[in-house]
Amino acid sequence: MKNPPLTPVVYYETFGRLLEAMEAYDQRPAISFFARDRSLQTRSYSRLCLDVRRLAAALRHHGLEGKHVGLAGENSYHWLVAFLAVVTGGGTAVCVDVEQPRSTIREMLSLADTEVLIASPSSLPLCLPASEGASPFLRTIVMEGAEGAVPAPAPDSELWGLAELLEQGDALLGKEGFVPPALSPGRRALIAFTSGTTSASKPVSLSHRNLLTNACDSSAMVAAPTEVFTALPCYHTYGLTCGVLGNLGRGAHVTINGSLKTTLPDLRESGALVTTTVPLLVESLYKYLWLCIERAGKKDRARRLLKRSRTLDALKLLPAPHRELRALCREALGPLEMIVCGGAHLDKELIENFRMFGVLSLQGYGITECSPLVSVNRECCYDTATVGQVLPHCQVRLVDEEIWVRGDGVMEGYYNSPELTAEVFEDGWFKTGDLGYIDEKGFLSITGRQKNLIVFKNGKKVSPEKVEEQLYRIPLVGDVIVYGAASGTSADDVKLAVSIWPDPEASKGLAPYEILNKLQQEVDRINAALPSYQQIQMINIRDSEFSKTSTAKIKRHAL
């Protein structure tokens with residue numbers, strides 16, 4: 001059977017064209033966000049586009065158009081205005097992960113030749129040098145909060161307030177207007193940094209064509225509802241491209257979440273029908289759902305209904321989610337009906353259980369160098385054991401199981417790093433370093449990361465991700481890393497080991513030796529079904545969480 005046709009979408013070559021298209025949505029709600037008093041504030045497409053033009057005009061007036069502009073801060077309406085103003089004017093947005101150490105943030109800004117800095121008040125100290133040193137930036141602009149809490153400095157100072165520039169832009173628009181410069185689709189729009197799970201972060205250079213083709217492809221693949229919630233950081237390409245840009249291009253209403261601490265209540269209050277997220281947050285949503293069910297005194301009833309629904313579904317006798325399960329889900333998570341998930345592997349059982357509650361979870365695969373999306377499951381055509389089918393403007397080939405990609409979404413290279421760029425390209429194909437295979441229906445599966453492979457003396461190889469997938473099903477496991485522990489003098493004389501951070505709730509009240517005993521029993525059960533070279537031989541219990549990237553992936557190199 002042929003796959004259903006793609007959702008019709010309009011493709012934009014530059015951000016100037018995207019801005020024109022967004023203006024046509026006029027008074028439709030574009031961006032919503034939670035103010036400090038927890039009220040939900042909304043800006044229309046007309047207001048969003050006006051603010052973008054105001055700031056772009058002010059940057060042009062002060063000779064800052066076309067510069068490399070660092071953006072540092074948590075998700076906010078003003079962060080998005082700043083990004084769109086910079087790239088529409090032909091500048092390059094340098095998106096900084098504010099969760100990184102101060103030294104790393106400053107190194108990122110330096111590597112990207114950042115000339116102007118736009119930062120939130122909380123992020124500003126992380127980006128500027130020590131007080132005795134001179135600022136490396138032409139200008140530093142402070143993003144106010146939703147209520148303009150930061151006063152604007154004097155016009156002739158080195159520190160400006162964003163509100164002041166928007167006011168200046170008002171006057172400039174009245175006098176001369178603002179027409180975006182004519183830009184090539186290949187012009188650099190963004191420098192983003194890789195997540196650095198296995199090595200130091202690298203500066204990825206992405207063009208207007210890269211970002212916008214990928215954003216529009218994501219909308220073509222998944223016909224998602226137009227009420228969207230995203231808690232993903234905008235400085236990460238997944239959060240920016242799939243969470244925001246693709247949705248603005250189709251006139252959707254996007255609610256952004258500024259703090260992970262308030263993600264669950266914010267999702268419910270937003271009334272969103274779809275959310276873009278990562279596995280860690282999907283797991284949190286599922287746990288929160290059951291917590292709400294338990295508080296309502298309906299846990300046993302829900303478990304029986306879930307079991308019955310799974311049985312009927314396996315027999316193809318479940319036309320729709322049970323109305324009681326759906327009602328319980330709406331009570332906890334609002335009207336949510338779709339999750340689009342990327343960043344790491346999402347457990348198949350979790351996907352199936354969520355579907356019984358009326359929430360379809362679609363898993364995808366991406367990498368920063370590809371803007372980032374490469375493949376995704378569709379609402380009309382999906383396989384929960386895979387990461388979906390390849391995007392229309394993307395090609396994938398497998399070389400010794402490694403996934404190679406080329407297409408309009410693939411980066412031009414690492415910024416100012418020709419040697420690093422040459423290492424990852426071959427005949428126009430980007431070598432992802434991820435391992436996988438494509439089945440006869442065109443669905444892509446990820447089996448591991450090439451750099452993570454554990455190689456034994458006998459030549460056997462183990463993908464730690466496949467073993468971790470089984471370990472994550474143990475209730476006691478919060479986070480886990482599988483690695484090769486040295487057991488001899490040579491590099492390949494290793495034994496399979498695991499480092500586990502126990503789930504705080506599941507391990508509450510248990511002594512360390514009790515936790516270890518219970519984990520050993522589960523590991524023994526897993527080992528019994530594995531060949532000898534894949535069996536876990538050592539367990540290490542951690543007393544703290546692993547260090548993670550902005551998309552909640554464990555930094556393996558920090559182990």
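1. Before you start, note that the model is predicted: local features need pLDDT of at least 70, side-chain atom pairs count only at pLDDT 80 or more, and totals for chains, interfaces and linings use all residues. Residues are numbered from 1 along each chain as its sequence is written, and side-chain values use heavy atoms, leaving out hydrogens and water.

2. Look for the open sheet of eight strands, ordered β7-β6-β5-β3-β4-β8-β9-β19 with mixed pairing. Strands here are DSSP runs of E with at least two residues, helices are runs of H or I with at least four, and both are numbered from the N terminus. Two strands pair if DSSP finds at least two bridges between them. At the edges sit β7 (159-161) and β19 (413-414), each pairing on one side only.

3. Strand β9 (residues 203-207) runs antiparallel to β19, and two bridges join them. Val204 has Tyr414 in β19 as its bridge partner.

4. Now find the open sheet of three strands, β25-β26-β27, again with mixed pairing. Its edge strands are β25 (477-486) and β27 (538-541). Nine bridges join β25 to the antiparallel strand β26 (residues 494-502), where Val494 is the bridge partner of Ala486.

5. Where is Leu317 placed? Leu317 lies in the loop between α11 (299-314) and α12 (323-333). Leu317 is exposed, with a relative accessible area of 54%; exposed means over 50%, buried under 20%, and partly exposed in between, using a 1.4 Å probe and protein chains only.
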